[in-house]
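Please look through the sequence and the model below before reading on. The paragraphs after them go from the whole chain to single residues.

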Amino acid sequence: MEQRKPPQYILEVFADPTCVKDIVRGILHTIFFHRYFPSIRPSSIEVLDLTLPLVADPELETLIDTRVGQLIRQLSSTSSPKSSVRGSLVVQFFEKKRRKGGGLGWFTGGAKGDEEVCWESWCLEVTLATPKTEMERTKVMKAIGSTLQKTAMKIITLVNRDKDHIPPITTSETNPFPFHIELNPRVEGWGKGIGMF
């Protein structure tokens, strides 16, 4: 049986150093609000006059804050006053599937158990803008607000439209679908060859 390639969504946002943390957190929480299946207590955050959903789960919030902090440090260390810099975060959702034993037991070490199979991937590409004058900053902030609103609407459109690929929940675990948030995943090597990113 041929395995289908999971949907991969690309989101692009612009931010300046004063609001990059809130923007990236807001977008990640918007994705998780629609794809995180444990019982949650919904909340919201205000980002540039836009109300976005917030998943009030301490473990998830800690992971998001950690990855956002890593992204900000990476953007800050490579920032240049003459140009904008980019970084990305990738959120992947997985289902646990029973690994099939058989034929190549000697090759796989006879390992059975669970394997994680990706069923959806979101790539958030962040461009850090560094306006030099107050007039540039005003223009940049207006563009950032517009981009943030379009990105939030894109997420809502995609999650409402694309539901058929979400696997059935077959476990009673609190979180039936493991997830990963990766900073600047590599695109070279074998992963690119098979279309992982």
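The model is predicted, so local features are given only at pLDDT of at least 70 and side-chain atom pairs only at pLDDT 80 or more, while totals for chains, interfaces and linings use all residues. Residues are numbered from 1 along each chain as its sequence is written, and side-chain values use heavy atoms, with hydrogens and water left out.

The term pLDDT stands for the predictor's confidence in each residue, on a scale from 0 to 100. Its mean over the protein is 83, and 82% of the residues reach 70 or more. Over residues 187–197, pLDDT stays under 50, and the model has 13 contacts beyond four places in sequence for that stretch. A contact means heavy atoms within 4.5 Å. Where pLDDT is low, the predicted coordinates should not be read in detail.

The protein has 5 helices and 6 strands. These are DSSP runs numbered from the N terminus, with helices being H or I over at least four residues and strands being E over at least two. Along the sequence they follow the pattern β-α-β-β-α-β-α-β-α-β-α. Among contacts with a separation of 6 or more, 75% are between residues 24 or more positions apart. Of the 197 residues in the protein, 39% are buried. Here buried means under 20% relative accessible area, exposed means over 50%, and partly exposed lies in between, using a 1.4 Å probe and protein chains only.

Apart from neighbours within four places in sequence, Thr127 is in contact with Val13, Phe14, Ala15, Ser84, Val85 and Arg86. Ser121 belongs to strand β5 too, and its relative accessible area of 6% is why Ser121 counts as buried. With neighbours within four places in sequence again left aside, the contacts of Ser121 are Pro7, Gln8, Tyr9, Val90, Val91 and Gln92. Ser121 and Phe93 are 28 residues apart in sequence, and their C-alpha atoms are 6.5 Å apart in space.

Which residues line the second largest pocket? They are Tyr36, Pro38, Ser39, Asp57, Glu59, Leu60, Leu63, Thr174, Asn175 and Phe179. On a 1 Å grid over the protein atoms alone, a pocket is an open set of points with protein on both sides within 12 Å along at least five of seven lines, where a cavity would be a set of points where a 1.4 Å probe fits but cannot get out; lining residues have an atom within 4 Å of a point. About 220 Å³ of space lies in this second largest pocket. A volume is the space filled by probe spheres set on the points, and grid points are joined across faces, edges and corners. Helix α2, residues 58–78, gives the most to the lining, with 3 residues. By type, the lining has 5 nonpolar, 3 polar and 2 charged residues. In this count Ala, Val, Leu, Ile, Met, Phe, Trp, Tyr, Cys and Pro are nonpolar, Asp, Glu, Lys and Arg are charged, and the others, Gly among them, are polar.

One of the lining residues is Asp57, placed in the loop between β3 (50–55) and α2. Asp57 counts as buried because its relative accessible area is 19%. Its side chain is joined to that of Tyr36 by a polar contact of 3.4 Å. A polar contact is a pair of N or O atoms within 3.5 Å; within protein, one must be able to donate a hydrogen and the other to accept it, and residues adjacent in sequence count only if both atoms are side-chain atoms.

Pro176 lies in the loop between α4 (134–161) and β6 (179–183). With a relative accessible area of 10%, Pro176 is buried. Not counting residues up to four places away in sequence, Pro176 touches Phe37, Ile169 and Thr171. Pro176 and Phe37 are 139 residues apart in sequence but 7.1 Å apart in space, C-alpha to C-alpha.

The last stop is the loop between β2 (42–47) and β3, where Leu48 is found. Most residues other than glycine have a negative phi. Leu48 has a positive phi, near 50°, and Asp49 in that loop has a positive phi near 65°. Are these residues buried or exposed? Leu48 is partly exposed at 33% relative accessibility, and Asp49 is exposed at 80%.
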